[in-house]
Amino acid sequence: QVALVESGGGLVQAGGSLRLSCAASARTSSIYTMGWFRQAPGKEREFVAAISWSGTTSYYADSVKGRFTISRDNAKNTVYLQMNSLKPEDTAVYFCAAKRGSWQGNYDYWGQGTQVTVSS
C-alpha cells in the first residue's frame, strides 16, 4: 500500500510558475513509477508526466513538454512537478499516482489532488 499526498497548488497568473510536491509513504516509493495526472472541470482525467523508479527516465504529454519537469527524490519519498510558463488551459486538479512497472497502463495508488488555477 502506498499513501500519496499532494501539495503546492494554488492560483497563479498566466506565464507564472508553480511546483507541486507528492509525498509518498516510506519504504515503498523508490520502487514505483510515479505519475502526475490532471482533470479539468467537465473533462476526463489526462496524463501529464511520469518518471521511472530510478528517476533516469521521464515522459510527458505533448501539451506540457518543454514547460513542465517531473523529478523525484527517493531519499525524501517525494516527487515533484515543476510547472513553468503556465497557461489558463493548465487549470485543473492535479493528481499524483504510483504503479509498479511501465509508466503506461493503469496506476494503482492515487492522491487526493491539489487545485491549480491559472488566471489570464
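Strands β4 and β5 pair in the antiparallel sense over five bridges, and one of the facing pairs is Trp36 with Ala49 in β5. The model described here is predicted. Trp36 is also among the residues with the most contacts inside the largest nonpolar core, which has 34 residues. One disulfide is counted in the model, along with four salt bridges. The points below take the strands, the core, the disulfide, the salt bridges and the backbone in turn.

**Strand β4 and its partners**

- Six of the seven residues of β4 are buried, so the strand is mostly covered.
- The hairpin of β4 and β5 has six residues between the strands, and Gly42 in this hairpin takes a positive phi near 75 degrees.
- β4 is also joined to β9, by seven bridges, and these two strands run antiparallel.

**Strand β11 and its partners**

- β11 is joined to β9 by three bridges, with the strands antiparallel.
- Gln115 in β11 is the bridge partner of Val93.
- Strand β2, residues 10-13, is joined to β11 by four bridges, and here the strands run parallel.
- Val12 stands opposite Val118 of β11.
- The covered face of β11 carries Thr114, Val116 and Val118.
- Its uncovered face carries Gln115, Thr117 and Ser119.

**The nonpolar core**

- In soluble globular proteins, nonpolar side chains tend to be buried together.
- Inside the largest core of this model, the residues with the most contacts are Leu4, Met34, Trp36, Leu81, Met83 and Tyr94.
- Two or more core residues come from each of β3 (18-24), β4 (33-39), β5 (46-51), β7 (68-73), β8 (78-83), β9 (92-99) and β11 (114-119).
- Setting aside neighbours within four places in sequence, Tyr94 is in contact with residues including Leu20, Trp36, Phe37, Val48, Phe68, Leu81, Met83 and Val116.
- The contacts of Tyr94 also include Glu6, Arg38, Gly113 and Thr114.

**The disulfide**

- A disulfide is a covalent bond between the sulfur atoms of two cysteines.
- Here the bond is formed by Cys22 and Cys96, with their sulfur atoms 2.0 Å apart.
- Cys22 belongs to strand β3 and Cys96 to strand β9, so the bond ties together parts that are 74 residues apart in sequence.
- The disulfide is left-handed, because the torsion about the S-S bond of Cys22 and Cys96 is about -75 degrees.
- Cys22 and Cys96 are both buried.

**Salt bridges**

- Side chains of opposite charge can pair when their charged atoms come close.
- Arg38 and Glu46 form a salt bridge in which the closest N and O atoms are 2.6 Å apart.
- Arg38 is buried, with a relative accessible area of 6%, whereas Glu46 is partly exposed at 35% relative accessibility.
- Arg67 and Asp90 meet through their side chains in another salt bridge, at 2.8 Å from N to O.
- Arg67 lies in the loop between β6 (58-60) and β7, and Asp90 in the loop between β8 and β9, so this pair ties together parts that are 23 residues apart in sequence.
- Both partners are buried: Arg67 has a relative accessible area of 11%, and Asp90 has 1% relative accessibility.
- A network of salt bridges links Arg38, Glu46, Arg67 and Asp90.
- Lys65 forms a salt bridge with Asp62, the closest N and O atoms being 3.1 Å apart.
- In that pair, Lys65 is partly exposed, with a relative accessible area of 49%, and Asp62 is exposed at 67% relative accessibility.

- Most residues other than glycine have a negative phi.
- Asn77, which is not a glycine, has a positive phi of about 55 degrees.
- Asn77 lies in the loop between β7 and β8, and its relative accessible area of 17% is under the 20% limit, so the residue counts as buried.
- Ser85 is not a glycine either, and its phi is positive at about 50 degrees.
- Ser85 is placed in the loop between β8 and β9, and at 40% relative accessibility Ser85 counts as partly exposed.

Conventions
Residues are numbered from 1 along each chain as its sequence is written. This is a predicted model: local features need pLDDT of at least 70, side-chain atom pairs count only at pLDDT 80 or more; totals for chains, interfaces and linings use all residues. Side-chain values use heavy atoms; hydrogens and water are left out. A nonpolar core is a set of buried Ala, Val, Leu, Ile, Met, Phe, Trp, Tyr and Cys residues joined through side-chain atoms within 4.5 Å. Buried means under 20% relative accessible area, exposed over 50%, partly exposed in between (1.4 Å probe, protein chains only). Contact means heavy atoms within 4.5 Å. A disulfide is a pair of cysteine sulfur atoms within 2.5 Å. Two strands pair if DSSP finds at least two bridges between them.
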